[in-house]
Amino acid sequence: MRRFGRTLVTAALAVTVVGGTAGWASGESQSAVTGPPPGTAAWRADTAYGPLPDPATATPHEVARFFAGLDDAARTALVRIHPLVVGNLDGAPVPVRYEANRLAVIATGEARYASLAAPDRRILAFDPRGRGQVAEVFGDLEHAAHVSVIVPGSDNDATSHDARRAPHTGPAGMARALRTATETPVADGSVAGGPEAAGTVAVIAWTGYTTPVGVGLDAADGRLAAAGAARLARFTAGLDAVGAPDPVLFCHSYGSVVCGLAARHTDAADIVALGSPGMRADTAGDLRTGARIWAGRGPSDWIADVPNVSFAGIGHGADPTSAAFGARRVPAADVRGHAGYFTPGTQSLAAFAAIAKGEAR
């Protein structure tokens, strides 16, 4: 009975403190955005170019085959008429999605999204529903030898994805920092081939699911993570369908819960959990993936105070940095706080760069 009582207390504590990056604030319950993108009904009804792949049921490889059979005029027309669908259609050609999402962002007319339509932005997905979702590419995804995907935790959405905050934090900040760390300098200190040819790694900041807000029940249970895992699995299948290399997933905070649930459904080469409250698994083997599993936590990261329990759906299970979990360790002794893992000069960022380039063993 005493053991059961201690478990109840621990579970209650988990509800209070499990969370993402916002700090010690109460959370607001969120409704997960799921299903096909806005405009799907009009897309299904459009017969001008033959049967169009159903966004809800067509696999990314089926989507890729459909677009491969279109000429340039047909692709351009579909982008112009159905930008929200084409921009979110995993398996569609990368340049086509960039242009579709530029038009989709402009079409919202919302100032909070306007910067995403700038000519230098490569927006691979954009969904304005709810708080908004976005995936942005840093680097040349079509020709990269390696691809990494940043999966963020709480308090991230299409508006805050690249908001001004501490440098090297937030989805876009982490992605930029990682890509810079993977670039190969030449003798004069510049990057061979210029910015577009820098290195061989493309990094995607994937704010592609409804994240928890603050620290509350949403951050302590797996409901939003399960919805996010389904979207992440389809997103990575879309990368495979366009010929991209198997990705490395860098999963921060609550994002590591998403990655843990998605692991068996992706073709990721590596999965890196950082500042993780748990991955909904007792061991790395329980993730049932061929990916190598890595984990790291800084000495001052408050996530260490989160109880590693799982009770009645609350809590995310074992600590991925524990020896019993069995993940490869990422050095993080010089990381400060919960969001400092991508700070230039840290051991963690150097390790991330090696993993991203396929050089870590």
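Start by selecting aspartate 240: leaving out residues up to four places away in sequence, aspartate 240 touches His61, Asp246 and Asp267. Contact here means heavy atoms within 4.5 Å. This is a predicted model, in which local features need pLDDT of at least 70 and side-chain atom pairs count only at pLDDT 80 or more, while totals for chains, interfaces and linings use all residues. Residues are numbered from 1 along each chain as its sequence is written, and side-chain values use heavy atoms, with hydrogens and water left out.

**Stop 1: around aspartate 240**

Stay on aspartate 240. It sits in helix 9. The C-alpha atoms of aspartate 240 and aspartate 90 are separated by 9.6 Å, yet the two residues are 150 apart along the chain.

**Stop 2: the whole chain**

Zoom out and switch to a cartoon view. The chain has eleven helices and eight strands. Helices (H or I, at least four residues) and strands (E, at least two) are DSSP runs, numbered from the N terminus. Of the 361 residues in the chain, 54% are buried. Take the contacts between residues at least 6 apart in sequence: 68% of them join residues at least 24 apart.

**Stop 3**

Eight strands form an open sheet with mixed pairing, in the order 1-2-4-3-5-6-7-8. Strand 1 and strand 8 are the edges, each pairing on one side only. Two strands pair if DSSP finds at least two bridges between them.

Next, pick strand 3 and strand 5 (residues 248-252). They run parallel, joined by four bridges. Which residue in strand 5 is the bridge partner of valine 151? Cysteine 251 is that partner.

Helix 6 (residues 94-108) lies across strand 1 and strand 2, and runs at about 40° to strand 1. Helix 9 (residues 223-241) packs on the sheet as well, touching strand 1, strand 2, strand 3, strand 4 (201-207) and strand 5. The direction of helix 9 makes about 150° with that of strand 4. Axes are lines fitted to C-alpha atoms, for helices over the stretch in contact, and angles run from 0 to 180 degrees between N-to-C directions.

**Stop 3: the disulfide**

Go back to cysteine 251 and show side chains. A disulfide joins cysteine 251 to cysteine 259, with S to S at 2.1 Å. The rule asks for a pair of cysteine sulfur atoms within 2.5 Å, and it gives one disulfide. Is the disulfide left-handed or right-handed? The torsion about the S-S bond of cysteine 251 and cysteine 259 is about -90°, so it is left-handed. Cysteine 251 is buried at 0% relative accessible area. Cysteine 259 is buried too, with a value of 0%.

**Stop 4: serine 276**

Select serine 276, in the loop between strand 6 (270-274) and strand 7. Serine 276 is buried, at 6% relative accessibility. Its side chain makes a polar contact with the side chain of serine 256, at 2.6 Å. A polar contact is a pair of N or O atoms within 3.5 Å; within protein, one must be able to donate a hydrogen and the other to accept it, and residues adjacent in sequence count only if both atoms are side-chain atoms. Leaving aside neighbours within four places in sequence, serine 276 is in contact with Ser253, Ser256, Ile303 and Pro320.

**Stop 5: salt bridges**

Colour the charged side chains. How many salt bridges are there? The count is 16, where a salt bridge is a side-chain nitrogen of Lys or Arg within 4 Å of a carboxyl oxygen of Asp or Glu.

- Aspartate 157 and arginine 131 meet at 3.2 Å, N to O. Aspartate 157 is in the loop between strand 3 (146-151) and helix 7 (170-182), and arginine 131 is in the loop between strand 1 (123-127) and strand 2 (133-138), so the pair ties together parts 26 residues apart in sequence.
- Arginine 297 and aspartate 319 meet at 2.9 Å, N to O. Both lie in the loop between strand 7 (292-296) and strand 8 (328-329), 22 residues apart. Arginine 297 is partly exposed at 28%, whereas aspartate 319 is buried at 14%.
- Glutamate 359 and lysine 357 meet at 3.9 Å, N to O. Glutamate 359 is exposed at 51%; lysine 357 is partly exposed at 22%.

End with Arg121, Glu136, Asp162 and Arg176, linked in a network of salt bridges.

Conventions. Buried means under 20% relative accessible area, exposed over 50%, partly exposed in between (1.4 Å probe, protein chains only).
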